[in-house]
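Let's walk through how two chains meet in this model. Have a look at the structure first, and then we'll go through the contact piece by piece.

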Amino acid sequence: MTVLGLKVLVVDDEIAIQRFLRVALNGQGFIVSEAITGQAALQSITINRPDLVILDLGLPDMDGIEVTRRMREWSKVPIIILSVREQEDDKIAALDAGADDYLTKPFGMGELLARIRTVMRRQSNGNSEPVFSVGVLVVDLANRLVKIKEEEVQLTPTEYDILRSLVNNAGKVLTNHQLLKLVWGEGYDDLHILRVNVSNLRHKLEPDPSRPTYIHTEPGVGYRLKM
Amino acid sequence: MNPRPDPDELLKQLQAEEPSRGKLKIFLGYAAGVGKTFAMLEAAHQRQQQGVDVVIGYVETHDREDTEALVHGLEVLPLRQIDYREIKLPELNTDEVIKRHPELVLVDEFAHTNAPGSRHPKRYLDVEDILDAGIDVYTTLNVQHLESMNDVVAQVTGVVVRETVPDKVLDDASEIEVIDLPPDELLNRLKEGKVYVPEQAKRAIEKFFRKGNLSALREMSLRRAAERVDNQMRNYMRTRAIQGPWAVAERLLVCVSASPLSEKLVRTTRRLSDELNAEWFAVHVNLTSKPELNPANVERAAKTMQLAEELGARIRTLAGRSIPEAVLAYAKKHNVTKIVVGKPIRPRWMEMLSGSIVDQLIDTSGDIDIYVINEQPDLKPTKIPEELRPHQPYWRYILALGLVACVTIIGHFIHTRLEPVNLVMLYLVSTVAAAVYLGRGPALLTSVMSVLAFDFFLVPPYLTFAVSDTQYFITFIGLFLVSIVVSSLTARTQEQADAAIQREAHTSALYTLGRDLTSANDLKQVAEIVITHISEVFGRDVAIFLPENGKLKMFASTMDYTPDANEMAVATWSFEHDQPAGVGTDTLPAVSLRCQPLRTSRGQIGVLGIHPKEAGKFLSPDQRQTFNAFANQAALAVERASLAERARQAELLQATEKLQTALLNSISHDLRTPLVSITGALSSLREESLNINQEDRNSLLETAYGEAERLNRLVGNLLNMTRLEANAIHLRLEPSDIQDAIGAALDQLEERLGKKPIVVTIPEGLPLVSLDFALFGQALVNVIDNAVKYSPKDTQIDVDVTQTDKDISIQIKDRGIGIPEDDLDRVFDKFFRVSRPESVTGTGLGLAISKGIIEAQGGKIHAALREGGGTVITITLPKVK
C-alpha cells in the first residue's frame, strides 16, 4: 500500500513528539502538517483536508475527545489517538466518540506505522470487500459462509453477526458498546451475553481459544479482529 | 520518738506548703453574730491595699449596714441562680471564680448546703475546687458545724446541726482566725437586733442563744483552735527533730460495727485522738463464720468506715472468726495502746448466752486499754432504703400456709394408721422445705402453724386446741423448737448459699470480662466488650468516655444511648477531678449518670458511665463494689489497648519510614539505571568521532529501546501502586471470561514470552466472573511476567484453572528457582525482591500490585513452592459477589 503524498495532520503540543513523528512520517512518504491546539486542528481539517489525523488527548485548549467528536460531525477522516492516558474509560470514550484507533504513549514507531497502515487500508477498501480472509479463516459475507482450512463452520445467527461486525471493522477496535449496538441494536447492554457468544465463537474458530489469533481482546475496551 | 525528722512528716509539711494549691483561711466563730463576716471583709480590704487581687465570691451581709459598707470597694462576682421549686436560690458560682482567677476569693458560710441540682451538695466541696485551681480562699465557719463537734453541740444545746464539714478541712486550712466575743456582749448585740435572726426560727434561735450554750460553744471554738495551734507546734518540732515533751505516742483503735451507733463511737475516738494527739484506726470485722448478709447493715458499716476515714482514721476491714481475736491481733501488730468499743446494747441474757465481745476484749487485751463508750440509741431510726430490703413477696407466706394445709390433709387421712407423734415428722419436713424454698419468714410461719394445725386437727380431741393427754405438750414444744431451729439453720444456709451464688456470679462476670478482654486487640473492641458485659450484668446503659485532644469525648456506648449535655458535664467533672460523680455520689447527684474515673497507675485515662434504664434505680452496695471492680478491669484494658495502639502506630511509622527510604532507594536506582543505558547509548551514537560500525549501532539502539521500555513499565507500576494505595482505583466490574482474561494477558506479554512454552488448562463450562477485566488482566500479566523472569528460558509455564462450588482458582506454575520458604508471604510486599538471581531486574512492585488488585475485587493470592521445584502462585476468585 502506498502512502506517498497522503496528508497527515499531527496534533500534539509536545515539540519533541512533533519532531520525531515528523521525521518518521516524512520518511514513510507522508506530507506532515502540525497543529498544537484543538482549535488549530479543527481549522486545519477544513483547510488542508488531511487523509489521516494523529491526535493527542491532552491538548492545551480542549480535550482530544471533544476534538474527535467535532471532527466526526462532518468528516470521516481516520483518527488515531495517541495518549498517555491508559485508563480504559478514556480509550472507550475516544473510540465511542469516533476515533479509529488508540495507542498509548510511549509507543514504538513500528506499532504506530502498523496501525496507520491498517486504518488506511480499511479506508481505501471501504466495507465493500465481499470475502474476508486472514490466515486459514475465510468469511464470505455475500454467502454468509465461514470456513476454517476450507471447512465450513456452523455459527449461530448471533455469532455470525458478531463476526460480521468484526470483519466489517477488521483491524479496528470495536468497543463492547459498539459491538452490542451493531449486533443487538441500540439500548441493549448485556455484556454477559456478549462474552458468552464471543467465547463460543472463539471455540469454533480459534485453534487455541486460550491464546486467540483472530479475535483479540482489548482488555476493558472491546474486541479487534486481526487483519 | 525518733529524733530524726520523719520523712512522712516532712512530705506532709511540704505538701501543705505546696504553692500550687490555694491557701485556705478560716474565720472561726462560735455563733452567728460574733462578727466573722465583718472580720473577713476587713482582712480582705487590708490584703487589697497590699496589692492582692481580691474578689467576693459569696458574702452574706444580712443587711447589716457596717458589713455592707465593707463590701464596697471589692469586686463582687455574679452568683449562680439555681431554680428550685419555682424559686431561685443564689449560690456561689465556682466556675465563674475559677474563670476570673483572682488571687483571693471570699466565700462566706463554709458549711452551707447547696441547693439541690448544684454540682456539689456542700459548699466546702466547691471551695476545694477553688483551692485546687490555685486560688486562696477566706471563709467563715461556726464551731458547731464541725463534724466531730456535731454530737457534743447537740448534747449541750439540744439543737442538732445538719450542716457539717469534716474536721479535716480545718486541719488542712493554712490559717485560722478565731473571732471571739464574750457571750454577754453577743447577747447584747442580739437584743439590739444586730444579729441576723430569720423570722421563722426566732424562738429556736432564742433558745439557742442562752448564756450557758454560748459559753460552752465559745470554749469549744477556743479549744479547737488551740488544739490546732498545738498540732502545728508539734508538727514543727517533729519536722525539725526537736525532742518534744510528749509521752510515748498513743495509738487508738475504734471497733466499727454495723450498728447505727458506731458513728458516735467514731466521733468520740476522733476527739480522743485529738486530745491525745494520737494516730487512730477504725476497724471493722467481717466474721467468716457468720458473714453479714443484710445489705443495709453492710451499707451502714461501710458508711461509718467512710466517716472515720474522713475524720482522719486509718481504716481497715478485717476478716476473722471472732471479733475480739481479729481486733486484738490487728491492734497488737500496729502497737495500738487504746481500743474504743461500744457498750453492748443487747439484752443481758443474750450477752450471757453468746458471750460479750467487750468482756472477751478486756480479758485478752493485755497491755492495751479498753475504753467502753456508752452508745445512746439515736433519735432518728435508720431507715433501710426501699430497694435494699430483702425481697419477700406475700405469696411465699401463702405458699407456706398451703404447705401446712397439705400436710394436715395428708395427716388427716393417715392419722388412723399412725401414731400422732410420727405425724410430727411430716410437719418437720414441711418446715425444712419452707426454709429451703421460701425463706426465713415463711419457715417461721410454717413452724408456728404446724404446731397449731397439729394440735387442732390431729391430736385428740379433734377440732379444738384442747389436749387430752398432757404428754402432747412435750411433742408441741419439741416440734416447735426443732422446727424453729431447723428452719433458721436451713434458712441461714440458704441465704449464705444465695450470697455465695451472688458473689460467684459477680466473680464469674468479672472473670469472663477479664477473659474476653484478653482477646481484644484494639481500643474499639475493648470498649465494646466492657460495655456489653457491664450492661449485661447491671441491665443498664453504659458509656465510655476517653479524652481526645485534651477534651473528654464519648468513645462508645450501649446502643440507643447518648449522654446529654448534663451527663457529659458530669463525666468531664469526674475526669478532671479523678473522682466519682453523678447519682449516688457527692457531686452532681441529680444527674442520673454515675461516672467512675478509669484510673491506672499512670493516672486517669477516661471515665466509665452507667445509666439506669429507669429513673430512680440505684446500684446496691454490692453492685457498686462490682461496678468499681469492673471499672478497674476496664481501666487496665483500655490502657493496655491504647498502649498497644500507640506501639502499633510507632511500629507503623517506623515501617513507613523504612518503606519510604526503601522506595527512594529503589526508585532512584531503578529509574536511573535505564536512563544511564539510554543516555549512554544515544550519546555514543551522537559522537561522530567514535566511528561505530553498523552492527554496534544497531546493538546500541536495541539497548536504548529496551531500556526505555523497561523504564516505561517501571513508571506504569509505580503509578498503579500509587493509585492502589491512595484507593484511587475505581473498579469497573463486568462479567468476565477467565479464559479471555488469560488470553489477553498472554497477548500483552507476547514479546516478552518469545518462544517460552505456556500451557493453559481450562475446564469446560467455566462461568463468567464479575471482575474489572482490565485490572485483573494487569494482575495476571504481573504474575505471569514474574514466572517468566524467574524461570530458565526453555522451561514450561503452566496456567491451570480449576473451580469449586464457590470459587475459581488460577494457578500459575513455573519451574524457576523457587522462593525461599520464609519469603513466601513476603513476595507480595512492596519492594520485596527475592535475593537471587542477580541478573533479574525489577522493582519488586509487580506482585504487590497484583495482590492489591485481586484483593480489591474480593479475591485472594498466595505463593507456594511447587513440587519438583519452582513456584506456584494461586489466585482465587469468588464466583458470586
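On the chain A side, Arg195(A), Ser210(A) and Arg211(A) supply 30% of the area buried against chain B, more than any other three residues. Keep in mind that this is a predicted model, where local features need pLDDT of at least 70 and side-chain atom pairs pLDDT 80 or more, while totals for chains, interfaces and linings use all residues. Residues are numbered from 1 along each chain as its sequence is written, chains are lettered from A and ligands numbered from 1 in the order in which they are written, and side-chain values use heavy atoms, leaving out hydrogens and water.

Counting contacts (heavy atoms within 4.5 Å), chain A brings 24 residues and chain B brings 23.

What about charges? Three salt bridges cross the interface of chain A and chain B, each being a side-chain nitrogen of Lys or Arg within 4 Å of a carboxyl oxygen of Asp or Glu. One of them pairs Asp740(B) with Arg202(A), whose closest N and O atoms are 2.7 Å apart.

Helix H8 (191-205), helix H4 (88-97) and strand S11 (215-218) of chain A each give two or more residues to the side touching chain B; helices (H or I, at least four residues) and strands (E, at least two) are DSSP runs, numbered from the N terminus. H8(A) gives the most, with seven residues.

Key:
Buried area is the accessible area (1.4 Å probe) that two parts lose on being put together, summed over both.
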